[in-house]
Amino acid sequence: MYKFLQPILNAFKVRDLRRKIIFTLVILVMFRVFAHVPIPGVDVAALRDLFSSNQLLSLLDIFSGGTLTNFSIISLGLNPYINASIIFQLLTLIIPKLEELSKEGEFGRHKINQYTRYLTVPLSILQAFGMYILLRNQGILTNITSVELLSIVVTMAAGTILLMWLGELISEYGIGNGISILIFAGIVGRLPVVAFQTLSVWDSTQAFNLLIFIIMSILVIVSIVLVNEGRRQILVQYARRIRGNQLTGGQSTYLPLRVNQAGVIPVIFAVSLILLPTTLAQFFQGSSIDWLANLSTKIFSSFTPTGIAYNVTYFLLVIAFTYFYTAVVFNPKKISEEIKKYGGFIPGIRPGSSTATYLSYILYRITLPGAIFLGIIAILPSIAQAITGVTTVVLGGTGILIVVSVILETAKQFESMLLLRSYEGFLKKD
């Protein structure tokens, strides 16, 4: 245990790292405090009964960190920001000016992030009003004045903007990706509640099923680590050059291509979109238009987390977003140009466009098993519930994937910070 904690103890000896760790912890504490500050005028008890009886809303509540059942000021979570990010990443493939801006390095990324923040504001207002419609149809928010409605919408939208700001503060002054850290904190903060719900209905007849569920969870964690750490090593050799009287070059290195190049982002994107049809259906279930109300009821009844349509759509969305985000974060043409610039080449492959084509071929082939793995993890709750019969644990593979991935990425960033400060010896294993 001491060896495990040694890097953290050494980090506290460095003023800069100590400040980053404390700052991140303070932001997380603030996040959990805000999660328990309810919006006035809402029957929280009735809201919890609604979420406990609706599996889809329970899943949404877990990813919000329990802020929905409390109807807190940050009940919308980061969903509007994630949706805005999806929209702008799609627009960079359609609008030439945005595509050029995305290729301008740090400046381009800063401008796109700024546009994403601007879009988050109207999306958060729209989703806040949609949440009001949902709760009004369920008989929870009724007989409120226009001023009260305006205050609820503004408060929920401001809560999302507050979370977005806290996430960016973590990214700039703390450790890890701020948005991912907050999503991670929300899921982990909800775990004790999920565990208590499971144990409250537990009896001796479910002991075997619960054991199977625990074994499956351990296997999922191990497989997530293996896939996230999986690499395809591409050999790159550098030609020898004569500079003055010295012979340079001639080395060889490896270009690592990750099996899961997109990380956890495809699952987060897919979760944001997969909940959209059912959420919209709930909005219009109480419509005075008969055909719209009937259509909404049919969609809501068929598109549930245990339904075939939901799981198939979820699975395909994860695969599509995996390929899409991989294409965004990894540019084979740019990599091939960098290799050619420094006199490198892949044995048997000509430098330039042939190298880019080869890298694209390899990348898309190894991305397929990674995408299928992410898709299986996403629909794992339905599979686990069908096998074990444990229906109270709705966290499933998606939450585990996010938690494990964020821990791995943050640990790597933490380790690199220690290495930069000449603490290699503390990280080496005996």
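1. Contact here means heavy atoms within 4.5 Å. The model is predicted. On that basis, Ser-336 touches Gly-352, Thr-355, Ala-356 and Leu-359, leaving aside residues up to four places away in sequence.

2. Ser-336 sits in helix α15 (residues 332-341). Its relative accessible area is 3%. The cut-off for buried is under 20%, so Ser-336 is buried. The Ser-336 side chain also reaches the backbone oxygen of Lys-333, at 2.7 Å.

3. Now the aromatic rings. Searching the whole structure gives 6 aromatic pairs. In one of them, Phe-88 and Tyr-115, the ring centres are 6.2 Å apart and the planes stand at 25°. Planes under 30 degrees apart count as stacked, so this pair is stacked.

4. Where do Phe-88 and Tyr-115 lie? Phe-88 is in helix α5 (residues 79-94), and Tyr-115 is in helix α7 (residues 105-137). The pair therefore ties together parts that are 27 residues apart in sequence. Phe-88 counts as buried, at 13% relative accessibility. Tyr-115 counts as partly exposed, at 29%.

5. Tyr-323 and Tyr-364 form a tilted aromatic pair. Their separation is 6.1 Å centre to centre, with 40° between the planes. This pair links distant parts of the chain, 41 residues apart. Tyr-323 belongs to helix α14 (residues 308-329) and Tyr-364 to helix α16 (residues 353-378).

Note on methods
Residues are numbered from 1 along each chain as its sequence is written. This is a predicted model: local features need pLDDT of at least 70, side-chain atom pairs count only at pLDDT 80 or more; totals for chains, interfaces and linings use all residues. Side-chain values use heavy atoms; hydrogens and water are left out. Rings of Phe, Tyr and Trp (its six-membered ring) pair if their centres lie within 6.5 Å; planes under 30 degrees apart count as stacked, over 60 as edge-to-face and the rest as tilted. Helices (H or I, at least four residues) and strands (E, at least two) are DSSP runs, numbered from the N terminus. Buried means under 20% relative accessible area, exposed over 50%, partly exposed in between (1.4 Å probe, protein chains only). A polar contact is a pair of N or O atoms within 3.5 Å; within protein, one must be able to donate a hydrogen and the other to accept it, and residues adjacent in sequence count only if both atoms are side-chain atoms.
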